[in-house]
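Hi everyone, thanks for coming.

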Amino acid sequence: MADSSFDVVSKVDKMEADNAVNQARKEVDQRYDFKNVGASVEWSGEKILLKANTEERVKAVLEVVESKMIKRGITLKSLDAGDPYPSGKEFRIEIGLKNGIEQDAAKKINKLIRDEAPKSVKSQIQGDELRVSSKSRDDLQATMALLKGADLDVALQFVNFR
């Protein structure tokens with residue numbers, strides 16, 4: 001019998017992120033507390049750019065964007081929000097989306113699987129994802145549960161379960 005396997009990845013669905021940004025833009029345009037403060041939400045290349053005329057307002061815009069991301073099923077671990085910085089007469093925050101598992105996080109996950117997962121489970125790093133394999137599907141599901149319960153600073157998804 002062949003080994004069963006699955007891949008551990010960290011990806012943000014671009015369409016869901018786009019929908020969340022559009023919803024946040026609509027809310028910022030309609031809310032009374034954002035009138036006449038230059039508040040805006042927009043894509044700037046691969047990053048989301050937030051603008052407002054004070055640091056407090058731009059942080060409030062960030063909260064709106066985060067709430068929309070959560071509603072669209074995007075965890076905040078996938079967002080890389082910078083600190084507010086002044087730019088001319090306004091303050092800005094850039095939010096990057098994290099795609100792929102960084103090398104040190106992959107090593108940490110690999111070590112966690114080696115130490116705590118059932119012994120039949122093997123894992124290997126493949127670029128920015130991990131392949132986990134075992135003869136037993138039950139062991140793989142136990143490993144998934146272990147990774148979901150672990151306090152990692154990376155948003156994980158499980159794909160290609162076969």
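Let me begin with a question: which residues does Phe34 touch, not counting residues up to four places away in sequence? Bear in mind as we look that this is a predicted model. The partners of Phe34 are Val28, Ala39, Arg57, Ala60, Val61 and Val64.

Phe34 also belongs to the largest nonpolar core, a set of 25 residues. Along with Val41, Ile48, Leu50, Met69 and Ile95, Phe34 is among those with the most contacts inside that core. Two or more residues each are given to this core by α1 (14–30), β3 (47–52), α2 (55–71) and β6 (90–97). Helix α2 supplies the largest share, seven residues. There is also a second, separate core, with 19 residues, and it includes Ile113, Ala117, Val121 and Leu156.

Now please find Val21, in helix α1. Is Val21 buried or exposed? Its relative accessibility is 0%, so Val21 counts as buried. Setting aside neighbours within four places in sequence, Val21 is in contact with Val41, Trp43, Ile48 and Met69. For a sense of scale, take Val21 and Pro118: they sit 97 residues apart in sequence, and their C-alpha atoms are 41 Å apart in space.

Next, helix α4, residues 137–149. Which residues of α4 are buried? They are Leu140, Thr143, Met144 and Leu147. These four cover an arc of only 105° around the axis, which means they are on the same side of α4.

On the face of α4 turned away from its buried side, you'll find the exposed residues Asp138 and Gly149. At the start of α4, a side-chain oxygen of Ser136 comes to within 3.3 Å of the backbone nitrogen of Asp138.

One last stop: Ser4, in strand β1. Ser4 has 6% relative accessibility, so it counts as buried. Leaving out neighbours within four places in sequence, Ser4 is in contact with Val132, Ser133, Ser134, Arg137, Leu140 and Arg162.

Notes:
Residues are numbered from 1 along each chain as its sequence is written. This is a predicted model: local features need pLDDT of at least 70, side-chain atom pairs count only at pLDDT 80 or more; totals for chains, interfaces and linings use all residues. Side-chain values use heavy atoms; hydrogens and water are left out. Buried means under 20% relative accessible area, exposed over 50%, partly exposed in between (1.4 Å probe, protein chains only). The arc is that of the directions from the helix axis to the C-beta atoms. A polar contact is a pair of N or O atoms within 3.5 Å; within protein, one must be able to donate a hydrogen and the other to accept it, and residues adjacent in sequence count only if both atoms are side-chain atoms. A nonpolar core is a set of buried Ala, Val, Leu, Ile, Met, Phe, Trp, Tyr and Cys residues joined through side-chain atoms within 4.5 Å. Contact means heavy atoms within 4.5 Å.
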